[in-house]
Amino acid sequence: MDNSVATTEPGIEHAEHEHVSLPQHRHHFETEEQQREAGSFGMWLFLLTEIMFFGGMFFAYLLYRNWYYDAFVAASNTLNIGMGAANTAILITSGFFMALAVWAAEVRKKQLLVWMLVFTTLFGLAFLGVKYFEYKEKYELHHIPGASFDVSQFINPPIDKATGKASEKPLPPDVAEHTQIFFFLYFAMTGMHALHMIIGIGLLAWLLARAQRGDFSAGYVAPIENFGLYWHFVDIVWLFLFPLLYLINRHPLAH
Amino acid sequence: MSATSTTILNLPDQSTARVPKKNFITAEDGLLSWLLTGDHKRIAMLYLISITFFFFIGGAFAGLIRLELLTPQPDLVASDTYNKFFTMHGVIMVFLFLVPSVPATLGNFLIPIMLGARDLAFPKINLLSWYLYVIGGTLVLTTMVLGGVDTGWTFTTPLSTHYLNTHVVTTATAVFVAGFSSIFTGLNFIVTIHRMRCPGMTWFRMPLFVWSHYAASILMVLGTPVLAIAIVLVALERLFGIGVFDPTKGGDPLLFQHLFWFYSHPAVYIMILPGMGVISEVVSTFSRKRVFGYTAVAFSSVAIALFGFFVWEHHMFIMGVSNYSALVFSLLTMLVAVPSAIKIFNWSFTLQKGSITFETPMLYAFGFMGLFTIGGLTGVFLGSLGMDIHLTETYFIVAHFHFVMVGGMLMAFLSGVHFWWPKMTGRMYPETLSKMAAVVTFIGFNLTFLPQFILGYLGMPRRYHAYPPEFQILNVLSTAGATVLGIGYMLPILYLAWSLKYGAVAGDNPWQATGLEWQIQSPPLTENFTEIPIMDHEAYDYDWLEHKTKPEVTTVG
């Protein structure tokens, strides 16, 4: 992560560390290999903590989905599957460009690296843009948990004009209340995921500036690699969220 | 060293000895050189100062609690103020003292040196973790000034989410931030232990201090994020009323208990394991023997960490969990006693036929072994289902975890601080005074907490500021003990500060100890070693130390 320049260290270190060739080498590591391994190991451990962090919410989802199955089905059916699918494609594409960026850094192609990071960022922003419209739709439908939450849609589902029947099985009011738990988990999980995307885009901007400066074009690629791990992790979280929230309960309405 | 001598302390000739001019303390001057440092030893010092500060704030609240409990009537403070006292005491002591106490100070200082490395793997993340700690601590102080919080340190829902109008969110943020400080410390330790060992330093040549920190770090890295998400959910529920823990909206308060204790039970092992590491080093040094059953002690640390993740439900036996799961968790809880007992037995066998001397660190270590054993065994009482229903939420619980945390961990912390003080500062603490402090602490501790076992057994509930008059005599004893204990804790602060300037010059290895940290100068150089050492012997090899002809590790500063 860090590339403070070791050449500012006082004289004695120079004599001891003549094998150091890169300015990014930190003085307390014996070899570059050790530094690179330590960095990547640290990133994997950090991702482990992230898994535990999201794990708490997945656990809550598991519990409430078992308890309130009907409410979860009804609430899940109101999610916009088109936008969710589009976002999945967008995010996978962004991850693809990130993988290419790591490759570009490894083969020391500066311009290619910069462009790949730009594409990664753009697709990341596109994801957040789609997410904005999804959240806006939830706001208009009063599906945001809290004081303004409205369950009437689940108690009296809209009538489908083509068939003249309710488009969804009506829920008793007490069951319908539990859709709020689903929407809370939806917002908590996708919100926390979006927060990770925002942090990632911030880091991407920083990496872009450094890539443009040529920091990663001389064999020092650890920050790109480690950020790549983070970005792919955020992708994978979404790949779990999309089926769990949007797809798993979706069913054709029985007529 | 003859077996009959009363001390192994071996100081250089005081008329000629000087603390080396060039060391990590004198390497750079100015406040900024400390606040922006990447040196693990300087960060350890920063931690030492800040956790001592918070220890005394937390201790002041403990004093106020004991003062209120001196009489059966609620006469010192109102009941909601009392609730705030024990909440602030718990939050500060758990998150700002016990969790970072040994790892962030002694661990930070010693792990790289013990491994023959120049620093932790990520010095900047190490510094970041200190800043996160300070931000968390500042937020707690802010809460205190704004009027405090009264949820208890456990943030029990729905009390914390719906029924209290105090600063829950600020405190929750503080705990969240301090938690990340702990995650980064653990992450740094694990990477350092895996990747930064010097040539010849195999896993089974590492000092047991490092092993126990490795186990504690696993808990920090895997457990703390779950606390983080639990706290985020509490804050969201409070701010937006979304109902994830609110039974009226279909939420489950027990879910919070699961998430909270999934961290907070392993957290007690985060607190105690590093202390056990200290005891291994001290017991070996002051009985001049290799730790008995090194491998068993090393693996028992890992076993405690592993079992520690599967016992959390014993905090919820009376909360309506399934009887069958309670049975399983009761069994698992008792299983944790096995690796803990392995440690106690192995330390006892280390003492057997050793050349034992009774310096201050060893006195504290003896205190640890006795008090931790009592604390651990009463934990088995509480882990058994029938006893737990009688004893839970009484002073028996309070006495139990104070025996482990204060009698165990704080003793270990003080033992370690005294043991490595000459290494950290280059000067000795005054021996007589410090022995006195150790004895005073031990007496004060027992006087404070032994009566609480009886109180709890007789049925005095915890977290109340009034009690029936027949409990007064035991409460008076406890309050008197707390006063003695307070003196026991004030003494080290005073004489350790005094020793910084007037203490005897310690030399490189005052205890004739075998660890790598004792083979370099005191205080060490910024880079620890002038050249990276090559480890060619086991840990605790006193023959190696005796026959060592040349300094294996160059120490000239």
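This is a predicted model: local features need pLDDT of at least 70, side-chain atom pairs count only at pLDDT 80 or more; totals for chains, interfaces and linings use all residues.

Student: What makes a residue of chain A count as buried, and what percentage of the 255 residues do?

Tutor: The cut-off is 20 or more other C-beta atoms within 10 Å of the residue's own. In chain A, 36% of the 255 residues count as buried.

Student: Which chains give residues to the contact, and how many?

Tutor: Chain B gives 33 residues and chain A gives 29. On the side of chain B that touches chain A, helix 8 of chain B gives the most, with nine residues. By class, that side of chain B has 22 nonpolar, five polar and six charged residues.

Student: Why is helix 9 of chain B called roughly antiparallel to helix 10 of chain B?

Tutor: Look at the angle: the axes of helix 9 and helix 10 (residues 294-308) of chain B cross at roughly 170 degrees and come within 9 Å. Angles over 145 degrees count as roughly antiparallel, so helix 9 of chain B is roughly antiparallel to helix 10 of chain B.

Student: How do you know which residues meet there, in helix 9 and helix 10 of chain B?

Tutor: Two residues are in contact if their C-beta atoms lie within 7 Å. Residues of helix 9 of chain B, including B:H265, B:Y269 and B:M276, meet residues of helix 10 of chain B, among them B:V297, B:I304 and B:G308. The residues of this contact divide into seven nonpolar, four polar and no charged.

How values were computed: Residues are numbered from 1 along each chain as its sequence is written. Chains are lettered from A and ligands numbered from 1 in the order in which they are written. Helices (H or I, at least four residues) and strands (E, at least two) are DSSP runs, numbered from the N terminus. Ala, Val, Leu, Ile, Met, Phe, Trp, Tyr, Cys and Pro count as nonpolar, Asp, Glu, Lys and Arg as charged, and the others, Gly among them, as polar. Axes are lines fitted to C-alpha atoms, for helices over the stretch in contact, and angles run from 0 to 180 degrees between N-to-C directions. Angles under 35 degrees count as roughly parallel, over 145 as roughly antiparallel, 65 to 115 as roughly perpendicular and the rest as oblique. A residue is buried if 20 or more other C-beta atoms lie within 10 Å of its own, exposed if 12 or fewer, and partly exposed in between; C-beta atoms are placed from the backbone.
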